[in-house]
Amino acid sequence: MQMITGKTKLLGVLGAPIGHSLSPIIQNEALRAAGLDYVYAALPVRADALTSAVHGLRDAGIAGFNVTIPFKTEIIPLMDDLSEDARRIHAVNTVVVEENGRLVGHNTDVTGFLAGFAERGIALAGKKAVLIGAGGAARAVLWGLLRSGVSLVVIGVRSAQKGAALAADFAADGDVRAYAFDDPAFTSALGSADIIVQTTPLGMTPHVGEMPPVDVAAIKSSAVFYDLIYTPAETRFLRAAAAHGHETINGETMLVAQGAEAFFLWTGVRPDMELMKRVLREELVRRG
């Protein structure tokens, strides 16, 4: 058991609700294993109290914190500076409090997402990608793909308007197009895709029977399927892809790698990611 003293530095995660967060369990184990005198806590913040909470935590000497729903965009005006990823995605999930009290907002979701490919040795440059969904998670994925040099990203959506708005936001960064799921142009894009990334909640526990309206059989066998969901570990979407011989990636590495990047930003130390994955898996089993 870690001894908390007057020198222990505080980290945390702000959100509402926050009781379900896996971050305190994963981060505290990683901090302990690294021999660092920090403690990481869940910090429930009322929706109308974000400004006072952030300023109070800064003034109380917190070293840094994560930000989750519903504050990832709302917190931006409170930052003194933003990383390029946070600025491009227009969302902050990690804040570093510098010694002079400056608040620097980062977004580690991009690093986390790309770690899923890096772990498998999958290069993205020049590849064609299909992105399913146009919500908050899709922004980080889209920027990560474009930053990695993919030649084309086609966004598949239910609402063509939402897809078009996301494509327009990133039009200057690469070839980005958006189509409704039932558009023949989307079907055609699926047929030539090298990478398919699923960013919606479809198939997440407890709705495990759901999946996006994608005909897996129509996609070339060399395409890689990536689902950001990690509960269940294999969604119906990934199960269908695996049955057709595709390589599949779930959201586990992204979750752990984005947390590991935040850990590094706060401490300057690279944590044990395998330990973090093990702790995540054990906790998911425990929660059933």
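Predicted model: local features only at pLDDT ≥ 70, side-chain atom pairs only at ≥ 80, totals over all residues.
Okay, let's start with helix H2, residues 50-59. Which residues of H2 are buried? Leu50, Ala53, Val54 and Leu57. Those residues span an arc of only 95 degrees around the axis, so they sit on the same side of H2. On the face turned away from the buried side of H2, you'll find Ser52 and Asp59, both exposed. Then, just after H2, there's Gly61, with a positive phi of about 95 degrees.

Now slide along to helix H7, residues 184-192. Here the buried residues are Phe186, Ala189 and Leu190. Their arc around the axis is only 100 degrees, which means they are on the same side of H7. They pack against strands S7 (128-132), S8 (152-157), S9 (176-180) and S10 (195-198). Pro184 and Ser188 are exposed, on the face of H7 turned away from its buried side. How is the N-terminal end of H7 capped? By Asp183, which puts a side-chain oxygen 2.8 Å from the backbone nitrogen of Ala185.

Setting aside neighbours within four places in sequence, Leu190 contacts Val130, Ile196, Val214 and Ile219.

Next up, a helix pair. Two packed helices are described by the angle between their axes and the distance between the axes. For H1 (residues 23-33) and H10 (residues 273-287), the angle is about 145 degrees and the axes are 9 Å apart. The crossing of H1 and H10 is right-handed. Which residues make the contact? From H1 we have Ile25, Ile26, Gln27, Glu29, Ala30 and Ala33, and from H10 there's Leu275, Met276, Val279, Leu280, Glu283 and Arg287. Sorted by type, the residues of that contact of H1 with H10 come out as 8 nonpolar, 1 polar and 3 charged.

H10 also holds Lys277. Is Lys277 buried or exposed? Buried, at 5% relative accessibility. Not counting residues up to four places away in sequence, Lys277 touches Glu119, Glu252, Thr253 and Val256.

Most residues other than glycine have a negative phi, and most peptide bonds are trans. Where are the cis bonds I want to show you? One runs from Thr205 to Pro206, with omega near 5 degrees, and Pro206 is in the loop between S10 and strand S11 (224-227). Another cis bond joins Thr231 and Pro232, with omega about 5 degrees. Pro232 belongs to the loop between S11 and helix H8 (236-243).

And then His90: not a glycine, but with a positive phi of about 65 degrees. You'll find His90 in the loop between helix H3 (84-89) and strand S5 (94-97). It is partly exposed, at a relative accessible area of 43%.

Methods
Residues numbered from 1 in each chain as written. Heavy atoms only, no water. Buried < 20%, exposed > 50% of the residue type's maximum accessible area, 1.4 Å probe, protein only. Helix = DSSP H or I, 4+ residues; strand = E, 2+ residues; numbered from the N terminus. Arc of directions from axis to C-beta. Contact = heavy atoms within 4.5 Å. Polar contact = N/O pair within 3.5 Å; in protein donor to acceptor, adjacent residues only side chain to side chain. Axes fitted to C-alpha atoms, helices over the stretch in contact; angles between N-to-C directions. Left-handed = near helix turned anticlockwise from the far one by under 90°. Nonpolar A, V, L, I, M, F, W, Y, C, P; charged D, E, K, R; others polar.
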